[in-house]
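I opened my notebook to look up a few things in this structure.

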Amino acid sequence: MGCLVSIVVPADVDAVWAKLRDFHELSWAEGVVMSVETVGEVAGSERGAKRILNGVFHETLLGVDNEKRALRYSIDSAPGTPADTTTGYVGVVRVFPVTETGETFVIWTSSWASGEQGVAEFCTPIYQALLAALVKSFA
C-alpha cells in the first residue's frame, strides 16, 4: 500500500534540495503547513530529528542522503487522521535534475505495512498541495 506524487519544479536541483533537506524548515510550504514544532535537540538534517506538523503529525527523520538527494521519514502518530491507524508508515522524498531544461523532478512517495482504507486518499492530496507550494516558492 502507498501513494506517489511527483512534479517538475522550475529551479536548479541544488536549490530545490536545499529547501527540502531540512526536516524542521517548511516555510516553503505556505498554506499547507501552518506550524512546525521541533521536538528534541537533533538538527533537522540529521537522522532522528523529530517534528510535529500542524499540531497533528508526529514525524521522525529516518535518514538524509545528500548524494542521492533523498530523505526518509516516518509518521509516528497523527491523531484523528487515517494515517494514525497505519503501521510502518514511511515517506520518501527524492530530487532529480532534469538535465535538458535545468529544472528539477521531485517525487514524494509513502508506504505502510497495514492500516484502514482511505490512507492513500488522505495523503495524496496533502503531498500534491506540498509539491504545489514548493513550485510556488520558486516563483
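Entry one: the cavity lining. I sorted the residues around the largest cavity by class and got seven nonpolar, four charged and no polar ones. This is a predicted model, and I read each value with that in mind. I then listed the lining by name: Lys19, Leu20, Asp22, Phe23, Glu25, Leu26, Trp28, Arg51, Leu71, Val93 and Trp108. I noted a volume of about 90 Å³ for the largest cavity. How many cavities of 30 Å³ or more does the count give? I found one.

How many disulfides does the structure hold? I found zero. Cysteine 3 is in no disulfide, and the nearest cysteine sulfur, that of cysteine 123, lies 5.2 Å away. I checked the cut-off: a disulfide needs the two sulfur atoms within 2.5 Å. Cysteine 123 is likewise in no disulfide, with the sulfur of cysteine 3 as its nearest. Are these cysteines buried or exposed? Cysteine 3 counts as buried because its relative accessibility is 9%. Cysteine 123, at 4%, also counts as buried. For both, I used the limit of under 20%.

I looked at residues 13-20 and marked Val13, Val16, Trp17 and Leu20 as buried. Seen down the axis of H1, these buried residues fall within an arc of 95°, so they line one face of the helix. What do the buried residues of H1 pack against? I wrote down strands E1 (2-9), E4 (57-65), E5 (70-77), E6 (90-98) and E7 (103-111), and helix H2 (119-137).

Definitions and conventions: Residues numbered from 1 in each chain as written. Predicted model: local features only at pLDDT ≥ 70, side-chain atom pairs only at ≥ 80, totals over all residues. Heavy atoms only, no water. 1 Å grid on protein atoms, 1.4 Å probe; cavity = no way out; pocket = protein on both sides within 12 Å on 5 of 7 lines; lining within 4 Å. Points joined across faces, edges and corners; volume = space filled by probe spheres on them. Nonpolar A, V, L, I, M, F, W, Y, C, P; charged D, E, K, R; others polar. Buried < 20%, exposed > 50% of the residue type's maximum accessible area, 1.4 Å probe, protein only. Helix = DSSP H or I, 4+ residues; strand = E, 2+ residues; numbered from the N terminus. Arc of directions from axis to C-beta. Contact = heavy atoms within 4.5 Å.
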